[in-house]
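Dear colleague,

I am handing over a structure that may be new to you, and it is shown just below. After it I set out what was found.

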Amino acid sequence: MKKLVSLLLVFVCALSLAGCTSSSPTKTIVTTNFPAYDFVRAIVGKNSGYKVKVLIKPGTDVHSYEPTPKDIIAVENADLFFYVGGDSDEWVEGILHDIDKKKTKVVKMLDLVSSKREEESVEGMQEEHEGHEEEEETEYDEHVWTSPANVVDILQKLEKKIIAMDPSHQAAYMKNAQAYIKQVKALDAAFQDVVKHAKRKELIFGDRFPFLYFVKEYGLSYRAAFAGCAEQTEASAATLSYLIDYVKAHHLHYVLKLELSNGKVAQTIAGETGAKVLTFNSVHNVTSTQFKDGVTYVDLMQKNVSVLRKVLNK
């Protein structure tokens, strides 16, 4: 009898586990990079019916990412695919025609921003050699999330798209979105305050420069070694010479580099000028540890507030 009871208990437990498994979220939202992942995560929260996936793994360079067959299948099977649009994910265009638009809703981050900016080069920036001279199509800078004002726009429009897909959780999505928007607006106010009381209004990056929307938003000038999505990270002698002379001539005390960058160019400039190297986070990606710890866009940009205050006041 005891054995029979034990077997019955095991059977009941097995049925319970099977039931739990079958009720697990089956809907998925697939995103390309960390900002896209973070914005979706902030809106859907932890208790929605969606599982959120990011394709570009933590710690990797977004500019060298190439989708695997598994990644492509994940996109095709997703309920929502949220990508940035731009040079870093040109591969998306190659698979969009294979996606069943009736099953998978496709949203491009660039389309959620009211005012897009054309890519630009400034004096001293290393030129690209990709044979684009004959191209007439306007290329917009894709790094729209570096401006908190843009992020508010993105969150508001993304919230509506997610609610349209799952109206049963509308109240939760609205509450989550508003809570995150409040944090982003506070971040924007903090940057505005730093710039308003700053002694200088210029930044120098010994690195790629994905901050076009950021500097335009806050009225800052800049010099940089490479464009935001430049393939090369080895500066020419002419680029190095220009940036070194610029730092000396303008008596700058800091040279900036990006997160996950080797910082070689910035270190070279610093070594020739006596400036110090600081990291300014573009939130392109995060480390594995940061990802596991649940770091957010706001967390990373708040660190930039402190860095900006230091850079603009010495």
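The structure holds two cavities of 30 Å³ or more, where a cavity is a set of points, on a 1 Å grid over the protein atoms alone, at which a 1.4 Å probe fits but cannot get out, and a volume is the space filled by probe spheres set on the points, which are joined across faces, edges and corners. This is a predicted model, in which local features need pLDDT of at least 70 and side-chain atom pairs count only at pLDDT 80 or more, while totals for chains, interfaces and linings use all residues. Residues are numbered from 1 along each chain as its sequence is written, and side-chain values use heavy atoms, with hydrogens and water left out.

The largest cavity has about 50 Å³ of space, and its lining (residues with an atom within 4 Å of a point) consists of T32, N33, I56, V62, V84, S88 and D89.

The second largest cavity has about 40 Å³ of space and is lined by R200, E202, L203, I204, L252, H253, Y254 and V311. Strand 5 (residues 202–209) gives the largest share of this lining, three residues, a strand being a DSSP run of E with at least two residues and a helix one of H or I with at least four, numbered from the N terminus.

Helix 2 (residues 34–44) and helix 5 (residues 148–165) pack with their axes 10 Å apart, and the contact (heavy atoms within 4.5 Å) is made by F39, V40, I43 and V44 of helix 2 and V151, I154, L155, L158, E159 and I162 of helix 5.

With best regards

Key: On a 1 Å grid over the protein atoms alone, a cavity is a set of points where a 1.4 Å probe fits but cannot get out, and a pocket is an open set with protein on both sides within 12 Å along at least five of seven lines; lining residues have an atom within 4 Å of a point. Axes are lines fitted to C-alpha atoms, for helices over the stretch in contact, and angles run from 0 to 180 degrees between N-to-C directions.
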